[in-house]
Amino acid sequence: MTIFTPATAEEVLAAVQWAVAQEEPLEVVGHGSRRGIGRPVQAAHTLDLSRLSGVTLYEPAELVLSAKAGTPLAEIEALLAENHQQLAFEPMDHGPLFGRPPGRGTIGGVLAANVCGPRRLKAGAARDHILGINAVSGRGEAFKSGGRVVKNVTGYDLSKVMAGSWGTLAVVTDVTFKVLPAAEAETTLAVRDLLDDLAVAAMSLALGSSAEVSSAAHLPYPAVAKLAGGSLGNRPATLLRVEGFGPSVAARLQTLRSLLKNAGSLEEVSGDASRQLWRELRDCVPFAGGGDKPLWRVSMAPSQAHHMVMALRMQAPVSAFYDWQGGLAWLSMEGGEPEAGLLRALVKKFGGGHATLVRAGAEQRTAVSPFEPQPPALAALSARLKAEFDPNDILNPGRMAA
């Protein structure tokens, strides 16, 4: 087994060209914080990008940042915070889910997994903020796409093609992201004691109002007890985040209070406590801690997800909480089995969606499809794309499909 540890884009190119010439597949990793997602990679050699690190361009006035793919996300977020800026899509840190220390994920992994957080409804995901990339395809050819400006037209946007490809099309060596100013003030309004269906109705009402809610989540028991060090207690909490200038936040909170005055008891969490709350929601802290207990991430219509979860609970032990106004359900399968067939059948029954097995043992990730199976037409398109970028299946073989 060979572990390549390139420190430059040229060394990445040389490593991939060797693999192509020898017909030897490579597992592509950064710091390994998302290594447990997808099928176990079928490769004897590893391309470790952790030395390919460093911010290469940061122009706060132009709202643009470039970095090498192996740069730790924590380092980038600290630099942005010094200038009161942020990656608005607040990328999730998967490390704690696998029992790893937080802050180890890389900026290249953020793009490869198309990561996002609770602000997805307002700000989108990584693919909506990527401006440009440099990369090496599975053919052993270097290429670049996009640039370092927000308004950029260069033909096909290959930067977005790389988003969510999990390193199976190309090895990204450099990325350029759009950054945005951080909010001056932040307060979370918590509505207590709502059942799932009433919580979804309350979130829908809030998101449809003039309060400009940036994030909405619902935590039933027992998930709520594991958030914010247990400060929320055991009572269900429906969380609504309001961000912006101080006076604007105060006025919009008053709008929400008037709108939801009959929904249940209302509590406010402000400033750093609110930010910590949403960081923990972003990183799925209620289900963190490692182990092989299966964990699913299900995206479907907000009006249907809680119905699907209720039907699932009738047939399998599961703990859940909801993000994205109820449209994202995190499901911890307490019985120890993924229940993939049952879950996906129920998702289809309640209007369709995507179910991703984020965490499970290697044997379980091999036996079931961790990623949502694609319809035939889309699967054919994906196969053609793979054939163009990596015809010999050199990069992360088997990770996304058997």
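## Aromatic pairs

Rings of Phe, Tyr and Trp, the last taken by its six-membered ring, pair if their centres lie within 6.5 Å. In this predicted model, the count by this rule comes to 5 aromatic pairs. One of them is formed by Phe4 and Trp18, with ring centres 5.2 Å apart. Their planes are at 55 degrees, so the pair is tilted; planes under 30 degrees apart would count as stacked and those over 60 as edge-to-face. Phe4 belongs to strand E1 (residues 3-4) and Trp18 to helix H1 (residues 9-22), so that the pair links distant parts of the chain, 14 residues apart. Trp18 has 31% relative accessibility and therefore counts as partly exposed.

Trp166 and Phe371 make another tilted pair, with centres 5.5 Å apart and planes at 55 degrees. Here the two residues are 205 residues apart and both lie in loops: Trp166 between helix H5 (158-162) and strand E9 (170-178), Phe371 between helix H11 (362-367) and helix H12 (376-389). Both Trp166 and Phe371 are buried.

## The chain as a whole

The protein chain holds 12 helices and 18 strands. Its radius of gyration is 21 Å, close to the 21 Å given by the globule rule for 402 residues, so the chain is as compact as a globular protein of that length. The C-alpha trace spans about 70 × 50 × 35 Å along its principal axes.

Of the 402 residues, 52% are buried. Among contacts between residues at least 6 apart in sequence, 72% join residues at least 24 apart.

## Strand pairing

Strands E1, E3 and E2 form, in that order, an open sheet of 3 strands with parallel pairing. E1 and strand E2 (26-29) are the edge strands, each pairing on one side only. E2 pairs with strand E3 (residues 45-48) in the parallel sense over 4 bridges, and Glu27 stands opposite Thr46 in E3.

Strand E7 (residues 130-137) and strand E8 (residues 142-146) pair in the antiparallel sense, over 5 bridges. Ile133 has Ser145 in E8 as its bridge partner. The hairpin of E7 and E8 has 4 residues between the strands, and in this hairpin Gly140 takes a positive phi near 85 degrees.

## Helix H6

Helix H6 (residues 196-207) has 12 residues, which at 1.5 Å a residue should span 16 Å; the end C-alpha atoms are 16 Å apart, in agreement. The buried residues in H6 are Asp196, Ala199, Val200, Ala202, Met203 and Ala206. They cover an arc of only 160 degrees around the axis, which puts them on the same side of H6. An α-helix has 3.6 residues a turn, so residues three or four places apart point the same way.

Which elements cover the buried residues of H6? Among them are strand E12 (215-219), strand E13 (237-244), helix H7 (246-259), helix H9 (302-313) and strand E16 (318-323).

## Phe350

Phe350 sits in the loop between helix H10 (340-349) and strand E18 (353-359). Its relative accessible area is 18%, and because buried means under 20%, Phe350 is buried. Leaving aside neighbours within four places in sequence, Phe350 is in contact with Met300, Gln304, His307, Met308 and Ala311. Gly264, 86 residues from Phe350 along the chain, has its C-alpha atom 28 Å from that of Phe350.

Notes:
Residues numbered from 1 in each chain as written. Predicted model: local features only at pLDDT ≥ 70, side-chain atom pairs only at ≥ 80, totals over all residues. Heavy atoms only, no water. Buried < 20%, exposed > 50% of the residue type's maximum accessible area, 1.4 Å probe, protein only. Pairing = 2+ DSSP bridges. Expected span 1.5 Å × (residues − 1). Arc of directions from axis to C-beta. Contact = heavy atoms within 4.5 Å. Rg over C-alpha atoms; globule rule 2.2 N^0.38 Å.
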